Amino acid sequence: MSVMCKEDGCRMTAMVAGELDHHGARTVMEALDRGIAESRPRELTLDLSGLTFTDSSGIAVLLRAHRRMGQVRGAMRVVNTPDQAEKVFRAAGLGRIIKFE
C-alpha cells in the first residue's frame with residue numbers, strides 16, 4: 001500500500017496504490033491526516049488509479065478523509081476509481097456523500 005501526496009497551492013492530490021484492506025487502511029489514513037493537517041488544502045483529490053483492491057476498509061478511509069476535509073472547510077473528490085472499488089463504494093451509497101468523477 002502506498003500513498004503519494006502532492007500539493008499545488010491550495011490543492012492536494014493523494015495517489016493511492018495497492019490493496020486498500022484493513023492492513024493498508026491505517027497507512028492511507030495516517031498519510032491523509034498528516035497531509036490535511038499540514039497543508040489545510042481547500043480541495044483534496046483522491047486518485048485511485050493505482051488501487052488494485054478494496055473492501056469496507058476503503059469506505060472507512062474515504063469517509064474519514066471527507067470528514068477531515070469538512071473540518072478544514074475544504075472539498076473532496078475521488079477520481080479514476082477502478083471497477084471493483086466502484087462497486088464497493090456504490091453499494092455503500094458513498095456517491096450521495098462524496099463526489100466521484
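Colleague: What covers the buried residues of helix 1?

Modeller: Strand 1 (2-8), strand 2 (11-20), strand 3 (43-54) and helix 2 are included in that cover. Contact means heavy atoms within 4.5 Å. Helices (H or I, at least four residues) and strands (E, at least two) are DSSP runs, numbered from the N terminus. This is a predicted model, in which local features need pLDDT of at least 70 and side-chain atom pairs count only at pLDDT 80 or more, while totals for chains, interfaces and linings use all residues. Residues are numbered from 1 along each chain as its sequence is written, and side-chain values use heavy atoms, leaving out hydrogens and water.

Colleague: Why is Arg68 called buried?

Modeller: Buried means under 20% relative accessible area, exposed over 50%, and partly exposed in between (1.4 Å probe, protein chains only). Arg68 has 19%, and is therefore buried. This residue of helix 2 (residues 56-71) touches Asp33, Ile36 and Ala37, residues up to four places away in sequence not being counted. Asp33 and Ile36 are themselves among the buried residues of helix 1.

Colleague: What makes Cys5 and Cys10 partly exposed?

Modeller: Their relative accessible areas are 34% for Cys5 and 43% for Cys10; both values lie between the two cut-offs, so each residue counts as partly exposed.
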